[in-house]
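Here are my notes on the model, as numbered points. Please read them with the structure open.

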Number of protein chains: 4
Amino acid sequence: MQLGMIGLGRMGANLVRRVMRAGHDCVVYDRDTAAVETLVSEGVAGAESIAELTSKLAAPRVVWVMVPAGVITHTVIAELADALDEGDIVIDGGNSYYRDGVRNAEQLAQQGIRLLDCGTSGGVWGLERGFSLMIGGDRSAYAAAEPIFAALAPGVQAAERTQGRDGEVAAAEKGYLHCGPSGAGHFVKMVHNGIEYGMMAAISEGLNILHRADIGVTEGVSGDAETAPMTHPEFYRYDLDLPAIAEVWRRGSVIGSWLVDLTAAALVESPDLSAFEGRVSDSGEGRWTAIAAIEEGVPAPVITAALSSRFTSRNLNEFADKAVSAMRKQFGGHDEKPGTGR
Amino acid sequence: MQLGMIGLGRMGANLVRRVMRAGHDCVVYDRDTAAVETLVSEGVAGAESIAELTSKLAAPRVVWVMVPAGVITHTVIAELADALDEGDIVIDGGNSYYRDGVRNAEQLAQQGIRLLDCGTSGGVWGLERGFSLMIGGDRSAYAAAEPIFAALAPGVQAAERTQGRDGEVAAAEKGYLHCGPSGAGHFVKMVHNGIEYGMMAAISEGLNILHRADIGVTEGVSGDAETAPMTHPEFYRYDLDLPAIAEVWRRGSVIGSWLVDLTAAALVESPDLSAFEGRVSDSGEGRWTAIAAIEEGVPAPVITAALSSRFTSRNLNEFADKAVSAMRKQFGGHDEKPGTGR
Amino acid sequence: MQLGMIGLGRMGANLVRRVMRAGHDCVVYDRDTAAVETLVSEGVAGAESIAELTSKLAAPRVVWVMVPAGVITHTVIAELADALDEGDIVIDGGNSYYRDGVRNAEQLAQQGIRLLDCGTSGGVWGLERGFSLMIGGDRSAYAAAEPIFAALAPGVQAAERTQGRDGEVAAAEKGYLHCGPSGAGHFVKMVHNGIEYGMMAAISEGLNILHRADIGVTEGVSGDAETAPMTHPEFYRYDLDLPAIAEVWRRGSVIGSWLVDLTAAALVESPDLSAFEGRVSDSGEGRWTAIAAIEEGVPAPVITAALSSRFTSRNLNEFADKAVSAMRKQFGGHDEKPGTGR
Amino acid sequence: MQLGMIGLGRMGANLVRRVMRAGHDCVVYDRDTAAVETLVSEGVAGAESIAELTSKLAAPRVVWVMVPAGVITHTVIAELADALDEGDIVIDGGNSYYRDGVRNAEQLAQQGIRLLDCGTSGGVWGLERGFSLMIGGDRSAYAAAEPIFAALAPGVQAAERTQGRDGEVAAAEKGYLHCGPSGAGHFVKMVHNGIEYGMMAAISEGLNILHRADIGVTEGVSGDAETAPMTHPEFYRYDLDLPAIAEVWRRGSVIGSWLVDLTAAALVESPDLSAFEGRVSDSGEGRWTAIAAIEEGVPAPVITAALSSRFTSRNLNEFADKAVSAMRKQFGGHDEKPGTGR
């Protein structure tokens with residue numbers, strides 16, 4: 001079948017390539033003409049505008065929008081809607097807030113256009129590994145676009161079947177799922193990313209504990225009125241090989257995971273991770289997951305702690321820390337100990 | 001080569017089986033004679049006492065101890081030491097506190113016996129998948145016992161090689177690693193389990209958020225002076241299929257992991273997890289990881305939150321919750337709202 | 001001056017009494033006629049409807065609304081607006097979401113009515129101690145109503161002046177503050193309550209640690225494969241007198257606070273807090289504070305953890321805990337240990 | 001009665017002054033002779049050595065040790081013990097680990113010397129306000145030293161009596177308490193400081209949320225693939241006066257506390273807290289409280305989060321943050337966004 005793709009960034013371009021490899025046709029558009037040209041050179045049909053893109057697709061059209069969430073997605077979908085007809089299908093595959101999807105779907109429905117929200121996981125590796133797709137919206141639209149989802153997903157052979165599942169292979173086992181009505185796809189993807197935040201933080205905290213397992217040697221026992229003396233320096237004398245440890249966790253261990261695989265790769269590249277400063281971005285889903293937990297009354301201490309850690313990595317804790325120091329100065333006359341800068 | 005095994009529980013018996021399959025010989029002992037008989041019926045040599053076990057092994061002996069951590073491990077190792085000779089090797093493969101390993105190793109060293117501490121991950125699946133082994137202690141003892149570790153580990157073929165690793169396959173790539181001197185193996189395994197706590201909590205919190213994604217329908221908007229009214233019931237109307245969602249995360253997603261695989265299997269068995277009450281045990285490593293983080297000064301908010309959640313699952317928060325209610329009663333005259341029991 | 005009061009619950013009735021004591025006149029209304037009659041018997045003018053209440057007030061009227069936040073506040077303010085004239089002032093003194101205040105203020109402004117949002121802290125003790133008032137909205141309306149705020153606030157004599165403050169006494173030193181435009185009062189009160197959640201949780205966790213300081217005696221050292229053995233039972237042999245400890249913290253200690261005062265009172269009443277089940281309500285501000293922190297990108301690990309603990313106290317962690325148990329069963333064959341119920 | 005004091009730092013010198021003011025005699029010693037001279041100039045008897053100090057005290061002697069916890073306390077107490085006789089009393093008033101107190105008490109008991117552990121709260125303000133004293137150890141020694149404790153404590157008049165307490169005034173109401181056997185005093189003080197960590201963090205997080213309440217104006221809505229766009233900039237337009245807000249919370253509010261008093265004072269001095277960098281020390285008790293919670297199995301998410309925040313304020317999260325960035329780079333090709341340095 002035919003797919004239109006708007007947005008040819010890291011993710012969008014690879015989605016197109018994987019769809020093409022499965023034998024479907026694509027027409028692509030991006031504001032950045034170089035991005036279009038790259039794909040054209042790979043045999044994909046290009047367009048110089050959204051209108052041209054839609055004109056090259058046969059009705060009912062299926063157009064995937066893969067642009068940054070928020071205002072940009074909203075604007076692109078609005079412009080796209082003007083160029084579409086009743087019965088066409090738009091897929092928002094970006095990291096949109098699921099609530100925007102609900103609102104956008106209602107608006108497009110007034111024109112008879114069906115919006116599917118599709119949470120897309122897999123990152124830059126999706127071209128090879130396939131993408132995990134969490135889809136919400138009108139079921140008939142989902143059914144119409146299913147060949148595209150099937151082409152993008154990893155397929156059942158990507159992992160052993162789960163014990164207890166046999167017989168016909170369900171879509172979820174192939175790597176895509178219609179999760180429910182509008183917003184359900186992005187909702188599930190949002191929670192997926194919340195889990196991701198927690199898992200990444202857990203691994204990273206663990207690595208930091210290993211990283212400092214030698215402080216009984218490097219820092220000694222000295223304490224003063226401002227600092228706790230080390231209670232047991234004799235138990236912190238390990239100089240550990242982190243790249244090897246991440247590697248050993250990849251096979252047979254309970255924490256075996258793609259994130260550990262990637263960590264192992266990162267540590268091979270740079271055992272001390274010196275290529276990074278440690279300023280961790282957050283692109284919305286972690287925040288939204290935490291907010292959903294709060295509004296549902298669900299305790300999510302791990303996911304919210306992981307989110308706080310990202311804020312902290314960008315120094316957003318600074319004023320609070322100053323306030324704690326100020327209180328200590330007030331009640332105890334404690335001056336801050338000089339450090340090597342925050 | 002020959003291996004003695006003391007302790008034939010879930011883990012110990014499977015360790016023996018995997019070592020046997022690799023062509024080594026085993027002599028086994030357990031207080032529970034039925035456990036010994038089971039393995040004898042599978043062709044393994046049994047012993048009725050620790051002394052008999054050691055008498056059946058040629059020097060230098062290698063004896064693996066796989067019994068509950070703490071007092072039992074300590075007692076068994078002490079008894080075993082009496083039956084060993086200089087040059088023999090003891091492997092503590094249980095979930096011992098790494099500090100006990102350091103102390104035990106020093107004691108055994110006085111008799112010329114070398115203690116290896118071996119953190120063993122893989123659970124009941126290790127027989128099929130292989131075990132991930134994190135080893136500490138004397139390097140010559142490690143070298144002598146390496147064929148056993150190689151037999152137990154999954155082997156390099158269990159996963160694709162990490163990008164950036166080529167040439168000769170390192171032990172870590174096969175699934176076992178000499179991490180450092182005494183205690184290093186259990187230290188690394190301890191942190192592994194701390195990470196495991198965090199990952200499990202992250203997945204579980206996410207599932208709970210999905211589980212309650214329908215409360216806009218089921219609970220409505222009503223609030224009162226004691227309870228927050230729902231701000232956005234319209235955004236919580238999803239009745240989600242958790243077994244299918246866990247399944248779709250198994251292939252291609254960023255959170256793909258063995259724990260997600262197992263979650264998917266558990267949800268196929270029981271979509272509402274009604275077979276469980278939710279009282280989560282903790283067997284020590286999570287506590288020790290949190291304590292290590294504290295003593296090193298490493299922030300570990302996610303891992304410690306996951307640990308707190310385990311305590312809370314067993315109702316150990318009760319007195320604190322009563323105190324909060326008591327304060328609310330004092331300042332606001334708030335009575336507790338009746339519930340369906342804690 | 002004259003004040004109308006709508007809503008005569010625990011807070012509203014005491015606000016009226018304190019305003020009366022300061023020599024102002026009040027007209028009161030509540031759906032519950034008994035509540036009106038109580039105050040009438042104390043010499044306050046009553047009304048049988050909102051319309052009657054407004055008819056008894058001279059323009060420009062000042063009417064305080066003290067009803068449950070959310071739909072009820074919204075409805076009452078809408079009905080009240082119909083009975084008011086241009087130039088009148090409405091004060092929303094409840095625990096409204098500050099965003100509702102912004103919206104309500106805009107709506108009332110179209111009729112020339114000015115809405116002040118007033119966060120009111122002090123609980124059932126406010127009649128005696130005075131209330132702490134955080135006010136947002138039109139500055140001229142604030143100025144017009146200031147005598148009421150001054151009557152309700154504790155006054156500067158309630159505490160020693162802060163070091164560095166001298167000269168004329170600022171309103172904040174008397175216990176009330178115009179914080180900014182619409183919503184600012186409820187915003188500041190919201191954060192106040194977020195801090196309150198954190199402080200209450202800190203005190204309660206500490207009490208729980210003291211409460212269980214005897215487990216080296218009561219639980220012993222026994223551990224098994226499911227449970228961590230106690231590492232240092234000899235250090236947990238204290239049978240502590242919690243009422244006395246809370247009392248000793250009231251004078252001279254760094255944590256001296258009204259919340260500790262109230263805790264001491266609660267523990268005198270019931271040293272084991274057996275009057276409480278420990279199901280802690282949350283009435284919105286904690287949630288909103290956490291959401292504000294997230295939207296601002298401010299790390300608030302303590303406040304969000306305190307919020308999660310409230311959810312957990314109401315068993316909302318149950319599904320997540322079941323999921324953790326289910327994973328443990330899957331990978332380790334661990335059965336849940338029976339307990340005395342969740 | 002007579003008191004010997006070893007250690008004349010911020011705390012020790014003020015303890016001496018307060019004891020003197022109550023009419024008792026003191027003999028003081030410090031390695032720093034200037035510190036001794038200062039007190040001698042105020043009329044206190046000085047000593048040039050521990051031996052001289054003990055020689056100036058009549059038996060049974062009471063000597064208070066107020067030096068940094070850990071090795072120094074241990075060394076001083078050992079030297080002191082050599083200069084004391086059976087029946088004498090040593091008070092360790094510093095922030096010692098309660099376990100050291102247990103061990104030290106056992107050792108001194110062999111010489112017939114009784115060690116009291118005394119947790120001392122009040123900071124630099126104790127001279128004026130009195131100190132809150134939490135005491136452990138031999139009850140007869142406590143009884144013998146009680147006049148000193150009574151002199152140091154604030155006295156019952158420092159706060160209204162707790163509702164429900166009448167009749168004879170208990171020691172706890174005066175501000176000192178015999179909490180139990182050896183270590184109990186420092187244990188209770190340790191938990192007190194754990195609570196203090198939580199309360200300070202709660203206040204500071206709240207201030208930070210207020211501090212950034214204007215980011216809807218200052219940062220705008222822009223987001224990109226790396227950063228979440230602001231969902232509701234219109235709700236974050238408050239430019240709040242933090243010194244005034246802290247002040248208004250001092251009277252009548254639920255969070256009224258000495259820490260809020262001190263925060264108000266600090267903000268008067270420096271509304272933007274620019275005198276501080278935000279590197280917060282931790283002197284042991286927070287760590288030990290967290291460890292006690294873990295060993296008891298008590299969930300303490302708030303106190304442990306507050307502790308993690310202190311570590312983070314000193315950049316000890318850096319390696320973990322780098323690891324998160326490294327994973328994001330691996331799976332998503334995300335580069336770190338440049339910042340203004342960590």
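1. Burial in chain A. Of its 342 residues, 65% count as buried. Keep in mind that this is a predicted model.

2. Fold of chain A. The chain has 15 helices and 8 strands. Its C-alpha trace spans about 75 × 45 × 45 Å along the principal axes. Take the contacts between residues at least 6 apart in sequence: 64% of them join residues at least 24 apart.

3. Nonpolar core. The largest one has 272 residues. F187(A), F187(B), F187(C) and F187(D) have the most contacts inside it.

4. What does F187(D) touch, leaving out residues up to four places away in sequence? In chain C, the partners are I209(C), L210(C), A213(C), Y236(C), Y238(C) and L240(C). In chain D, they are Y98(D), A292(D) and E296(D).

5. Extent of the interface of chain D and chain C. Each side contributes residues to the contact: 94 from chain D and 94 from chain C. Together the two chains bury about 7,800 Å². Carbon and sulfur atoms carry 67% of that area.

6. Polar terms across this interface. The rule finds 40 residue pairs in polar contact, both at pLDDT 80 or more. It also finds 2 salt bridges between chain D and chain C. E247(D) pairs with R165(C) in a salt bridge, with the closest N and O atoms 3.1 Å apart.

7. The chain D side. Helix α9 (residues 184–211) of chain D gives the most to the side touching chain C, with 17 residues. By class, that side of chain D holds 55 nonpolar, 23 polar and 16 charged residues.

How values were computed:
Residues numbered from 1 in each chain as written. Chains lettered and ligands numbered in written order. Predicted model: local features only at pLDDT ≥ 70, side-chain atom pairs only at ≥ 80, totals over all residues. Heavy atoms only, no water. Core = buried A, V, L, I, M, F, W, Y, C linked by side-chain atoms within 4.5 Å. Buried < 20%, exposed > 50% of the residue type's maximum accessible area, 1.4 Å probe, protein only. Contact = heavy atoms within 4.5 Å. Buried area = accessible area lost by both parts, 1.4 Å probe. Salt bridge = Lys/Arg side-chain N within 4 Å of Asp/Glu carboxyl O. Polar contact = N/O pair within 3.5 Å; in protein donor to acceptor, adjacent residues only side chain to side chain. Helix = DSSP H or I, 4+ residues; strand = E, 2+ residues; numbered from the N terminus. Nonpolar A, V, L, I, M, F, W, Y, C, P; charged D, E, K, R; others polar.
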